[in-house]
Amino acid sequence: MTHPYKSLPDSAFWSRDVAGVAPEAVNPAMAAQIRIGPGDAVATAGSCFAQHIGGMLQAIGFHHLVTEPAHPLFTPEQAREYGYGLFSARYGNIYTARQLLQLLRRAYGEFHPAEDCWGEGGTWIDPFRPRIQPGGFASRRELELDRARHLAAVRRMVEELDVLVFTLGLTEAWLSREDGAVFTLCPGVAGGAFDPSRHVFHNFSEAEVVADMTACIAALRQRNPKARVILTVSPVPLAATARADMHVLVASFQAKSMLVAAAAKLAQTLPSVAYFPAYEIIMSRAFDAGSYFGPDRRSVTGAGVAHVMRVFAAAFAGLDAPPPPPAPAAPDQAGMSQIEALMQAHCDEAALDPG
Amino acid sequence: MPRLLCVGHSHITALRLAWAQQGGGDACAFLCVNEPQYQPVLREGRLHPEIQARLGAAALHVSLFVGNDHSIIGMLNHPRRFDFVLPEAPALFVDESAELLPAGLLRRELARRVAPHLEALAAYRAAVPGLLVHVESPPPIPSAAHIQAHPGVFKDLIAERGVSPALLRFKLWRLHSGLYREACAALGVEFLPVPPEMQDVEGMLVPQAWNPDPTHGNALYGQHVLARLMA
């Protein structure tokens, strides 16, 4: 007696390729339609989990394209605190496809949100990256000049990248009633003031996510026809839902399920678009005693990120064992230590031998 | 016992020279901590015993615990030229062809650099009762030609990189001074700003106060600061 399952590979069977392998060896990535070569510039954007992707790319020897790098005057810790190097440009977390689409349009002067600046108590907040600058910008002029520089960096990223890895995070968002601008966070949470006459909640449907992401990819390829896209879904659950009638756990699973379905559909229908199952890798540990979630049952552990990294390297670069992470580069202080030493000598000279 | 005791780094020299030119005497004393016997300035949170022993009971204690950290960051053109919007004067010119840096981040880096000096100031505050005044660092010398003519140890680097724009140096000095103002307010130390007559219309050091080096005020500058302290 034969039937269709007889000829399927091990990967089709839970018992063989999930339960039958060590939990840390689960590899749900099928033959990737996209390859990443050593010289390919890989850009990253997306929700908070996407912050791991950039570091992961560097760790496995890929070229993480960063078009808005920190100035070498600053320490790596200072740079991270100000949102440098977390993604390819300093846009902070991008949770929804609509937000990415609007960023691309803003970068090319095709969208000018009406509510584009929140001033409060002498500081200024960018509603579209409200946590990029601890304490906010010190003046509106600083915000505007910084935003112009940032959007120029986004344009460079769009035009220079070979591969964009975008991590979908949420379906819930807060929009401007006036022009539909998507705020990164609900006004009032990290700047601004919530006003129900100006701000409205929206939960994007799967069709909207597919449409927005399709428009993103079209906009990207309009400027950069060679661009390949890898979509992932963040396994990090919602911190909160705006829907009072729904438990956050259910809202989270609904959102992630919809995003996975949307991403899969995009990968099936658009050329040079792949889906990478980071979400599934992290969730696979829900079926055994281990967990890739930290004590808050939300943040992803280093072991989980490492598992994602191994599978990513194998899927897109054919690397069975990722190379050891490169030693962290000494910050390019551009001769700062030399200047420090000379300044000390200069001041000692002025103090001890005033002439 | 001196009426006025000044303790601190190299900017103290301008005051010491001014006092000497005025005839000197015991009324003012100057303790320059660049001298090796005072190193390290801080030991377990307290001033070096050699400094501590000399503090005595002056009527007025004056701190010049201040480095040239703003000059370390910005006296020379950086290979990645930068500029920023000064929070207290956002309308000042910004070179948009240079890399725009967040003022808050620059301030944070300056704060990291001046932290040892502020610790020394705090230790000085803890060591003496009564009035303690901190003297603001002199503003930058605006003339690149002057700095190039008196480069001192920076000769080779100035030849290689060039002197950075005066306005950038001014803005960094303002950030630097802001950190000291805040620290003084928190520590109960009076902050003595630069004598206004020593600043030109843009707030930089007037030519007659330039020391023949890239960053310090001269004896005339010291004279004006002393006059303020003794008023």
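Predicted model: local features only at pLDDT ≥ 70, side-chain atom pairs only at ≥ 80, totals over all residues.
Local features need pLDDT of at least 70 and side-chain atom pairs count only at pLDDT 80 or more, while totals for chains, interfaces and linings use all residues. Residues are numbered from 1 along each chain as its sequence is written, and chains are lettered from A and ligands numbered from 1 in the order in which they are written.

**Exercise 1.** Find the strands that pair with S8(B).

*Solution.* Helices (H or I, at least four residues) and strands (E, at least two) are DSSP runs, numbered from the N terminus. Two strands pair if DSSP finds at least two bridges between them. Start with S5(B), residues 60-64: 3 bridges join this strand to S8(B), residues 132-135, in parallel. Here His61(B) has Leu132(B) as its bridge partner. Next, S9(B), residues 190-192, pairs with S8(B) over 3 bridges, also in the parallel sense; His134(B) partners Phe191(B).

**Exercise 2.** Describe the side of chain B that touches chain A.

*Solution.* Counting contacts (C-beta atoms, placed from the backbone, within 7 Å), 38 residues of chain B meet 30 of chain A. Elements giving two or more residues include H1(B) (12-21) and H4(B) (103-127). H4(B) gives the most, with 5 residues.

Notes. Contact = placed C-beta atoms within 7 Å.
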